[in-house]
Amino acid sequence: MTLDRLAREKLVRALAESVIEHADELTSLDQAIGDGDHGLNMKRGFEAVLATLPGLADKSLPEMLKAIGMTLVMKVGGASGPLVGTFFVELGKALPEQPIRADLVTAMEKAIDAVKARGRSEAGQKTLLDVLVPVQLVLAGGGDAKAIAAEAAQAADRTTPMLAIRGRASFLGERSIGHMDPGSRSASLLIGAAVKVLEFEASS
């Protein structure tokens, strides 16, 4: 998978726009079971990321991902900034400049482990891990871009009947059931945007 400068800029724009365009939806989801600021916080973070283009795309892929992560950690409030930011930073640390699928599989696993440690959480607790973990399994299993995007969307949907055990929503107890986790939804949007740009196939 070769990502030239143009592809890196396209990737950053796609990631940012996927969140910014769905900010109201993310806010609405968070109003049901959180502080109601997830959409606004994520929008602010990715607007800050966009503001660093085109310079951001001049960096190598690993350095670009780390820079995105650090911007999100600094600009996104609540729990989401540190978690999503950590994911990008660790992904950048683990990836070579021109990754193949096996590199992506390994890097995503390391990034997920870092998110688990940072949030002291596991999959099944109604967090963004409920999207990241199953998506990584589809990636590792050879799924193409379409399969990965579909799993990301379905995994976010699967958080709706879950009981929240971590995060702000956990304070609601049983009332958290019946609402999609906003962090999972934003993770699914980012993954969907990324694979659409990367368009890697099962053989890559």
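This is a predicted model: local features need pLDDT of at least 70, side-chain atom pairs count only at pLDDT 80 or more; totals for chains, interfaces and linings use all residues.
Colleague: Switching to helix 1, how many residues does helix 1 have, and what does helix 1 reach from its first C-alpha to its last?

Modeller: Helix 1 has 17 residues and reaches 24 Å from its first C-alpha to its last, which is close to the 24 Å expected at 1.5 Å a residue.

Colleague: Which residues are buried in helix 1?

Modeller: The buried residues of helix 1 include Ala-7, Leu-11, Val-12, Leu-15 and Val-19, and what covers the buried residues of this helix includes helix 2, helix 3, helix 4, helix 5, helix 6 and helix 10.

Colleague: And how do the axes of helix 1 and helix 5 cross?

Modeller: The axes of helix 1, residues 5-21, and helix 5, residues 61-75, come within 11 Å and cross at roughly 20°. Angles under 35 degrees count as roughly parallel, and helix 1 and helix 5 are therefore roughly parallel to each other. The crossing in which helix 1 passes helix 5 is right-handed.

Colleague: Which residues make the contact?

Modeller: On helix 1 the contact is made by Arg-8, Leu-11 and Val-12, and on helix 5 by Leu-61, Met-64 and Ile-68. By class, the contact of helix 1 with helix 5 has five nonpolar residues, no polar ones and one charged residue.

Colleague: New topic: what covers the buried residues of helix 7?

Modeller: Helix 6 and helix 8 are included in what covers the buried residues of helix 7, and among those buried residues are Arg-101, Leu-104, Met-108 and Ile-112.

Colleague: What follows helix 7?

Modeller: Helix 7 is followed by Arg-120, whose phi is positive, near 50°. Most residues other than glycine have a negative phi. Arg-120 is found in the loop between helix 7 and helix 8, and Lys-126, found in that loop as well, also has a positive phi, near 65°.

Colleague: Is Lys-126 buried or exposed?

Modeller: Lys-126 counts as buried because its relative accessibility is 1%, whereas Arg-120, at 64%, counts as exposed.

Colleague: Last one: where is the peptide bond that is cis?

Modeller: The peptide bond from Leu-53 to Pro-54 is cis, with omega near 5°, and Pro-54 lies in the loop between helix 3 and helix 4.

Notes
Residues are numbered from 1 along each chain as its sequence is written. Side-chain values use heavy atoms; hydrogens and water are left out. Axes are lines fitted to C-alpha atoms, for helices over the stretch in contact, and angles run from 0 to 180 degrees between N-to-C directions. Helices (H or I, at least four residues) and strands (E, at least two) are DSSP runs, numbered from the N terminus. Angles under 35 degrees count as roughly parallel, over 145 as roughly antiparallel, 65 to 115 as roughly perpendicular and the rest as oblique. A crossing is left-handed if the near helix is turned anticlockwise from the far one by less than a right angle, and right-handed if clockwise. Contact means heavy atoms within 4.5 Å. Ala, Val, Leu, Ile, Met, Phe, Trp, Tyr, Cys and Pro count as nonpolar, Asp, Glu, Lys and Arg as charged, and the others, Gly among them, as polar. The expected span of a helix is 1.5 Å times one less than its number of residues. Buried means under 20% relative accessible area, exposed over 50%, partly exposed in between (1.4 Å probe, protein chains only).
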